[in-house]
Amino acid sequence: MPADFDRRPVSPEAAYAVFGLLLLTLSVAAAGSVSPAKPEEVGLSTERLLRIRALAQRHLDARSVSGVVTLVARRGHIAHFDALGMQDIETKKPMPKDGIFRLASMSKPITGVAILMLVEEGKIRLNDPVSRFLPEFQTMKVAVAKPGAGPTGGGRGAAGGRAGSGDPESAFDVVSSTREITVRDLLTHTSGLLSGGLGAAAADKIAPRGEADSLATYIPKLASVPLDFQPGTLWRYSGLAGFDVLSRIVEIVSGETFDRFLKQRIFDPLGMKDTGFLLTSAQSARLVTIYQSTPQGLQPANRPASKTYFSGAGGLMSSAEDYLQFAQMLLNGGELNGKRLLGPRTIDLMTANHTGDMVNGQFGRPAQGMGFGLSVQVVQDPVAANLRVSKGAYGWAGGTGVSFWIEPEEKIVSIYFVQGGSGGALRQDFEGAVRYAILE
């Protein structure tokens, strides 16, 4: 190549070609964001959506929550996106729209998608026994109450707490499981693994988790914890263990650590730049403080993030707009901006009811009208469930106060983010306001 090659004058035609290539590159780089639109352009009312802000302000004034981010998208466009209150009460830092929230159990649908991607690739079957990937789970036992034994605490599987006082193991005997637990059992919370019963109450003693544990070192220990019931016979929420086992299965099948798999296969393709298990220093400045309600008002209750244990059950952090990319992908039948993660029929399978009537009345679910799919709850009858969403709506919530609904019938994604406090009433007000803002 001549030494003076780079100094040759560039023709206008070549300059325009380079400029066009640059624009194309920028447009590809910008792909992944759901664009805004006026509410009326997507069949919603601007005036009625403004009620969300008034409702939120009322709860903020009552100090039931510290701050809130709400987002509503319809027909592929953002029609409402608002932030109110404070990211941190002590510093009086206002809540930003791009505040980063701890997702808690809203991590689970992301883990569900990771599993289903590998199902589509033929590397996992829903009916596979867990022991295919983790041989330690081949001969599970089931906890059975001893005659006259009193009730025990709910354990980590029920609500993330600790088991009650005394020796929980003295309250039960064990029998062999009638069959092995499967991938489908874990996705639908029908495995009995740390599901709030006798076995879960003894988990801390039988399988303690250390600060340095990873999925690879900890998950095999769970095989020694007795199941709370025979697999497939009940729906009982496995708050941590079930989906952490699924996370480890993803690692084993893919050959990647779970955090890396999610980034490469889900977050990067969808443009979810603020979602992950660990934050950069810049992202940490946007991390919203968790609060708990006390007689003295809202008090900080932050939880440190593990640098070694990447929990697909509850360890992810994200912003509302980032999570919208994931939810919109699901609503679109598995695709967003030319990036396809799942096929439409797989989304149909994910959002079908796999548990019959078993979920109704469990873990705060309505007594009627509900079902459960593969990592998401499904509304079978919104009137019977007394929910302000449409039939077929699906989603899940996190114990830190976050939740989302996807409504295929209305082509709506609604996202509600708080961090602790008493946000349940505000969430119900938000759901109603979204419903009442639909004009067509």
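A nonpolar core is taken here as a set of buried Ala, Val, Leu, Ile, Met, Phe, Trp, Tyr and Cys residues joined through side-chain atoms within 4.5 Å. The views below show close-ups of a predicted model.

**View 1. The largest nonpolar core and the residues with the most contacts inside it, Phe137 and Ile266.** This core has 96 residues, and its largest share, eight residues, is supplied by helix H12, which spans residues 320-331.

**View 2. The surroundings of Ile266 in the model.** When neighbours within four places in sequence are left aside, the residues in contact with Ile266 are Ile110, Val113, Ala114, Met117, Phe261, Phe326 and Leu341.

**View 3. The salt bridge between Arg53 and Asp82.** The closest N and O atoms of Arg53 and Asp82 are 2.8 Å apart, and because Arg53 belongs to helix H2 (residues 46-61) while Asp82 belongs to strand E2 (residues 77-88), the pair ties together parts that are 29 residues apart in sequence. Arg53, at 40% relative accessibility, counts as partly exposed, whereas Asp82 is buried, its relative accessible area being 12%.

**View 4. The salt bridge between Glu410 and Arg74.** The side chains of these two residues, Glu410 and Arg74, meet at an N to O distance of 2.8 Å. Glu410 is placed in the loop between strand E15 (403-407) and strand E16 (412-417), and Arg74 in strand E1 (residues 67-74), so this pair ties together parts that are 336 residues apart in sequence. Glu410 and Arg74 are both buried, and they also take part in a network of salt bridges in which Arg74, Glu407, Glu410 and Arg435 are linked.

**View 5. The salt bridge between Lys221 and Asp213.** Here the closest N and O atoms, those of Lys221 and Asp213, lie 3.0 Å apart. Lys221 has a relative accessible area of 31% and is therefore partly exposed, since the buried class requires a value under 20% and the exposed class a value over 50%. Asp213, with a relative accessible area of 10%, is buried. In the predicted model the count of salt bridges comes to 21, and the pair Lys221 and Asp213 forms one of them.

Notes: Residues numbered from 1 in each chain as written. Predicted model: local features only at pLDDT ≥ 70, side-chain atom pairs only at ≥ 80, totals over all residues. Heavy atoms only, no water. Buried < 20%, exposed > 50% of the residue type's maximum accessible area, 1.4 Å probe, protein only. Helix = DSSP H or I, 4+ residues; strand = E, 2+ residues; numbered from the N terminus. Contact = heavy atoms within 4.5 Å. Salt bridge = Lys/Arg side-chain N within 4 Å of Asp/Glu carboxyl O.
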